Amino acid sequence: MSSKVIGIIAEYNPFHNGHLYHLNKVKEMFPNSPIILVLGGNFTQRGDISILDKWTKTDLALKAGIDLIVELPFPFSCASADIFAEGAVGILNYLGVTDLVFGSESDDIEGIKQLVETELYNPDFNSLVKVYLRMGYNYPTALSKALEDITGANYNLPNDILGISYVKAIYSNNYKITPHTIKRTTDYHSKELKEISSATSIREALLNKELINIKESVPLFTYKKLEQEYLPKLDDYFLLLKYKIISIDDLTKYNLVDSGLATKLKKEILDSYSFDELITKVKSKNLTYSRLSRTLIYILCDYTKALANEFKTIKYVRLLGFSTKGKDYLNKVKKDIDIPIISKFTREKDNMLEYEYQITKIYALVFGKEKSKELIENEFKMKPIREE
């Protein structure tokens, strides 16, 4: 087995040809090396719902040729880029990963490293960020503008922003992980459907009941799953959210909710009928759409400031699936991993794991009786999926 161990971080919402392209490039770069995936679960980093549940996504990832798949817990998977990266890269470090490969619009790893060094070590950086925040910019924009002022470079597209956070997690924790980029070949926000399309365009076609239109954009094994499954959308949960906002007296107990936002939500909720409509009504210059969408999911999922404070670090690694190569690698290194490796759910092991069960129960609410029961029972019954 190669001495290199490769890490990737993804949500696969859903797994499409762009992901397959990325994975094949990784295999070209590091032939014969085990590939470990940290997989975002049932709610996503940008504050959306996963149209396929985590076990289905695990099955697809194994079919695509990934060797070991582990779960990124909700407190990290549905969070800002820095928190998302801190959790995901931390898990990869525990698992002995030597190299991290991520998609990037700029495909400029040296430029990304320079930006991270500026953010971590340049004494003028924090002062500039504060200036832009006082001017009313949201935090990601303030960061971007401060970096551009100092370095002259502007990296403000989604994969580059995540990539900066990945490299920052590596540098600030002194992980022995080498980052690499692969050129992203599509615009994240593009609605055009073609052989390699954005996940956004694929999800939009699916929501519009245009399954046949995405056939050339996803592998056949993904298409077959999308044909069979009920695909939830965020607005399926809107009445549940509406009830929470109306009935909870103090919304400021929830993560990211301050008194100003709580007042706005109470004011606008009765006359709002979708996530997008509510977000549009309460949005301001210093709050991004994604941050607000995540905040609404926190209210939906009862994710309080107290829980966010408790769940700041990774306490376990939860296995979702593995190939023979992945199992062999895990057997070789598990004695050196100093947090629990969980292959079967037991409530006593960790409060974060118990909370993950609550997240699954909420995710399952909008499915039919059989699927809902299956999703909830899978938290207890499912062992890691094996791909021979």
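**Ground rules.** I worked on a predicted model, where local features need pLDDT of at least 70, side-chain atom pairs count only at pLDDT 80 or more, and totals for chains, interfaces and linings use all residues. Residues are numbered from 1 along each chain as its sequence is written, and side-chain values use heavy atoms, with hydrogens and water left out.

**Entry 1, strand β1.** I began with β1 (6-10); helices (H or I, at least four residues) and strands (E, at least two) are DSSP runs, numbered from the N terminus. Five of the five residues of β1 are buried, so the rest of the structure largely encloses this strand. For burial I used relative accessible area with a 1.4 Å probe and protein chains only: buried is under 20%, exposed is over 50%, and partly exposed is in between. In a regular strand, side chains alternate between the two faces of the sheet. I found both faces of β1 covered, with Ile-6, Ile-8 and Ala-10 buried on one side and Gly-7 and Ile-9 buried on the other.

Next I looked up the partners of β1, counting two strands as paired if DSSP finds at least two bridges between them. Five bridges pair β1 with β2 (residues 35-40) in the parallel sense, and Ile-9 has Val-38 as its bridge partner in β2. β4 also runs parallel to β1, joined by two bridges, and there Ile-6 is partnered by Asp-99. With α1 between them in the unit, β1 and β2 make a right-handed β-α-β unit. Right-handed here means that, with the strands pointing away from the viewer, the path from the first strand over the helix to the second runs clockwise.

**Entry 2, strand β6.** How many of the seven residues of β6 are buried? I count seven of the seven across residues 317-323, so this strand too is largely enclosed by the rest of the structure. β3 (residues 68-72) runs antiparallel to β6 over three bridges, and Ile-69 has Gly-321 as its partner in β6. On the parallel side of the list, β7 (residues 341-342) pairs with β6 over two bridges, with Val-317 bridged to Ile-341. β6, helix α16 (residues 324-333) and β7 make a right-handed β-α-β unit.

I then picked out Leu-320, which is found in β6. Leu-320 is buried, at a relative accessible area of 0%. Contact means heavy atoms within 4.5 Å; leaving aside neighbours within four places in sequence, the contacts of Leu-320 include Leu-39, Trp-55, Ile-69 and Ile-385. Leu-320 and Ser-343 are 23 residues apart in sequence, and their C-alpha atoms are 7.4 Å apart in space.

In α10 (residues 220-228), I noted Thr-222, Tyr-223 and Leu-226 as buried. Seen down the axis of α10, the buried residues fall within an arc of 100°, so they line one face of the helix; the arc is that of the directions from the helix axis to the C-beta atoms. The face turned away from that buried side carries the exposed residues Leu-220 and Gln-228. The buried residues of α10 pack against α2 (54-64) and α9 (199-207).

Asn-13 and Pro-14 are joined by a cis peptide bond, with omega about 0°. Pro-14 sits in the loop between β1 and α1 (17-29). Asp-107 is not a glycine, yet its phi is positive at about 55°; its place is the loop between β4 (99-104) and α5 (109-121). Asp-107 counts as partly exposed, at 36% relative accessibility. Asp-302, also not a glycine, has a positive phi of about 60° and lies in the loop between α14 (289-300) and α15 (305-310). Asp-302 is partly exposed at 29% relative accessibility.

Searching the whole structure, I found one cavity of 30 Å³ or more. On a 1 Å grid over the protein atoms alone, a cavity is a set of points where a 1.4 Å probe fits but cannot get out, and lining residues have an atom within 4 Å of a point. The largest cavity holds about 30 Å³, where the volume is the space filled by probe spheres set on the points, which are joined across faces, edges and corners. Its lining includes Asn-42, Trp-55, Tyr-363 and Glu-379.

Note on methods
On a 1 Å grid over the protein atoms alone, a cavity is a set of points where a 1.4 Å probe fits but cannot get out, and a pocket is an open set with protein on both sides within 12 Å along at least five of seven lines; lining residues have an atom within 4 Å of a point.
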